[in-house]
Amino acid sequence: MRYLVLSDIHSNLEALTAVLKRVRRKRFDRIVILGDLVGYGADPNPIVDRVRKLKRMVIIRGNHDKVCSGIDNGDMFNKVALESARWTENQLLPRNLKWLRALPKGPVTVGDLLSISHGTPLDEDAYIFGEIEALNMFQYFKTPICFFGHSHFPVVFGLDDEALTTYIPVTNGGDNCRIKLDKTKRYLINPGSIGQPRDGDNRASFGVLDDKRMTMTIYRVNYPYEKTQQKIRAAGLPAPLADRLALGR
Ligand code: ZN
């Protein structure tokens, strides 16, 4: 099976459009989405409308989806995130608000192979940045692989009886990085963020898992971020949300 893995779209229509165009001719058995469809960007309704139409999709909510749809008050949010969440809630059409509110909470299992979570398999609002946080999370899922998002940082953590190994995808001037997975290991994998990358590469990031070949490929796709920035500024959203898209951090 081939899985297309998308996370942290954050109302960035130009980035999602570029990603879907990049994968248009490929076949996927499943699309898994790790939450945070909305928040930060200026296109919440077009994003929800687009994602709702995807076929063979398994999706969970993210922390921004909760706050933007009013099921969490956002008291853990910083000022910029909260301002964009309030703006997003005002913009969302009733049908999209209702659909976001009904998104399942992770972790959700997908077949025998996968679990999907937003923050960690234990807590949708918590972060996995480093190896110790990752190591402690392997006990909270049973499948060989667990996908997670939230940090906006693409990374693959592999665990066997002897050690935890970290793979940070490096594209070396290309647009993808393929990591060979080992059947004797278990994995925690973040495909990176489509709509607001934070690893210093401003291109949209997403993943493809091929469970027959046992490969995980992280792709990076250019998109016209200047257009996204213009929309954010025109909407009156906080300026740092536009500025950071150029930097990818
Ligand atoms: Zn996010």
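Guide: Start with a term. Buried means under 20% relative accessible area, exposed over 50%, and partly exposed in between, using a 1.4 Å probe and protein chains only. Cys-146 has 0% relative accessibility, so Cys-146 counts as buried.

Visitor: What should I know about the model and numbering?

Guide: This is a predicted model: local features need pLDDT of at least 70, side-chain atom pairs count only at pLDDT 80 or more, and totals for chains, interfaces and linings use all residues. Residues are numbered from 1 along each chain as its sequence is written, and side-chain values use heavy atoms, with hydrogens and water left out.

Visitor: How many disulfides does the count come to?

Guide: The count is 0 disulfides, taking a disulfide as a pair of cysteine sulfur atoms within 2.5 Å. Cys-146 is in no disulfide, and the nearest cysteine sulfur, on Cys-177, is 20 Å away.

Visitor: And Cys-68, buried or exposed?

Guide: Cys-68 is buried, because its relative accessibility is 0%.

Visitor: On to the metal. Which residues coordinate the zinc ion?

Guide: Asp-8 (OD), His-10 (NE2), Asp-36 (OD) and His-152 (NE2), at 2.1 to 2.3 Å. Donors are N, O and S atoms within 2.8 Å of the metal (3.2 Å for Na, K and Ca); water is not among the atoms, so sites may look incomplete.

Visitor: How are the donor residues spaced in sequence?

Guide: The pattern is D-x1-H-x25-D-x115-H. Asp-8 sits in the loop between strand E1 (2–6) and helix H1 (13–22), and His-152 in the loop between strand E6 (145–147) and strand E7 (155–159), 144 residues apart. Helices (H or I, at least four residues) and strands (E, at least two) are DSSP runs, numbered from the N terminus. Asp-8 and His-152 are both buried.

Visitor: Why is the arrangement around the zinc ion irregular?

Guide: The angles subtended by the 4 donor atoms run from 86 to 179 degrees, so the arrangement is irregular. Four donors count as tetrahedral if all angles lie between 85 and 135 degrees; four count as square planar and six as octahedral if opposite donors are over 155 degrees apart and all others between 65 and 115; anything else is irregular.

Visitor: New topic. What order do the 6 strands of the open sheet take?

Guide: E4-E5-E6-E10-E7-E8, with mixed pairing. Two strands pair if DSSP finds at least two bridges between them. Strand E4 (108–110) and strand E8 (164–167) are at the edges with a single partner strand each, so one side of each has no neighbour in the sheet.

Visitor: How do E7 and E8 pair?

Guide: Antiparallel, over 4 bridges. They form a hairpin with 4 residues between them. Val-156 has Tyr-167 as its bridge partner in E8, and Gly-158 has Thr-165.

Visitor: Last one. How many salt bridges does a search of the whole structure find?

Guide: The search finds 14, a salt bridge being a side-chain nitrogen of Lys or Arg within 4 Å of a carboxyl oxygen of Asp or Glu. One of them joins Glu-14 and Lys-231 (2.5 Å, N to O). Glu-14 is in helix H1 and Lys-231 in helix H7 (residues 225–234), so the pair ties together parts 217 residues apart in sequence.

Visitor: What does Lys-66 form a salt bridge with?

Guide: Glu-124, with the closest N and O atoms 3.0 Å apart. Both Lys-66 and Glu-124 are buried. Shared partners join Arg-61, Lys-66, Asp-72, Glu-124 and Asp-125 into one network of salt bridges.
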